[in-house]
Amino acid sequence: MDKQETGYDYIRYKQLLAEADDDTKRLELIEIMIREKARDRLEAQQTADRVAMTAMTVARVLGPGGRRDNF
């Protein structure tokens, strides 16, 4: 379960959803996602992605020199 510990497993959940062709399997999928706190992991991953994009944007604006002391 190490992979689920680190983030939201899109591929696995997508596969489980495709296989959930009756109510029993859909309920099992819901229970798995609740047990693995899938929503919390997705939100954490989205936040991390946003932070990374912000850092990349700041780095691009500041340029290769990094910090600018002369405005």
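Reader: How many salt bridges does the structure hold?

Author: The structure holds 3 salt bridges. This is a predicted model, so local features need pLDDT of at least 70 and side-chain atom pairs count only at pLDDT 80 or more, while totals for chains, interfaces and linings use all residues. Residues are numbered from 1 along each chain as its sequence is written, and side-chain values use heavy atoms, with hydrogens and water left out.

Reader: Why is the contact of Glu-36 and Arg-12 called a salt bridge?

Author: A salt bridge needs a side-chain nitrogen of Lys or Arg within 4 Å of a carboxyl oxygen of Asp or Glu. For Glu-36 and Arg-12, N to O is 2.8 Å. The pair therefore meets the definition. In general, side chains of opposite charge can pair when their charged atoms come close.

Reader: What parts does the pair of Glu-36 and Arg-12 tie together?

Author: Glu-36 lies in the loop between α3 (23-35) and α4 (38-62). Arg-12 lies in helix α2 (residues 10-19). So the pair ties together parts that are 24 residues apart in sequence. Helices are DSSP runs (H or I, at least four residues), as strands are (E, at least two), numbered from the N terminus.

Reader: What makes Glu-36 count as buried?

Author: Buried means under 20% relative accessible area, exposed means over 50%, and partly exposed is in between (1.4 Å probe, protein chains only). Glu-36 has 6%, so Glu-36 is buried. Arg-12 has 24%, so Arg-12 is partly exposed.

Reader: How do you know that Lys-25 and Asp-21 meet in a salt bridge?

Author: Their N to O distance is 3.5 Å. That is within the cut-off, so the name applies. Lys-25 has 37% relative accessibility and counts as partly exposed. Asp-21 has 55% and counts as exposed.

Reader: Why are Leu-27, Ile-30 and Ile-34 called a nonpolar patch?

Author: Patches are made of residues with over 30% relative accessible area and no salt bridge; like charges are joined within 9 Å, nonpolar side chains (Val, Leu, Ile, Met, Phe, Trp, Tyr) within 5 Å. Take Ile-30, in helix α3. Its relative accessible area is 45%, so Ile-30 is partly exposed. Together, Leu-27, Ile-30 and Ile-34 have about 310 Å² of accessible area. Accessible areas come from the Shrake-Rupley method with a 1.4 Å probe, and for residues only the protein chains shown count as cover.

Reader: Why is α2 called roughly antiparallel to α3?

Author: The axes of α2 and α3 come within 9 Å and cross at roughly 160°. That makes α2 roughly antiparallel to α3. Axes are lines fitted to C-alpha atoms, for helices over the stretch in contact, and angles run from 0 to 180 degrees between N-to-C directions. Angles under 35 degrees count as roughly parallel, over 145 as roughly antiparallel, 65 to 115 as roughly perpendicular and the rest as oblique.

Reader: What makes Arg-39 count as exposed?

Author: Arg-39 has 64% relative accessibility, over the cut-off, so Arg-39 counts as exposed. Arg-39 is found in helix α4. Arg-39 and Tyr-8 are 31 residues apart in sequence and 8.1 Å apart in space, C-alpha to C-alpha.
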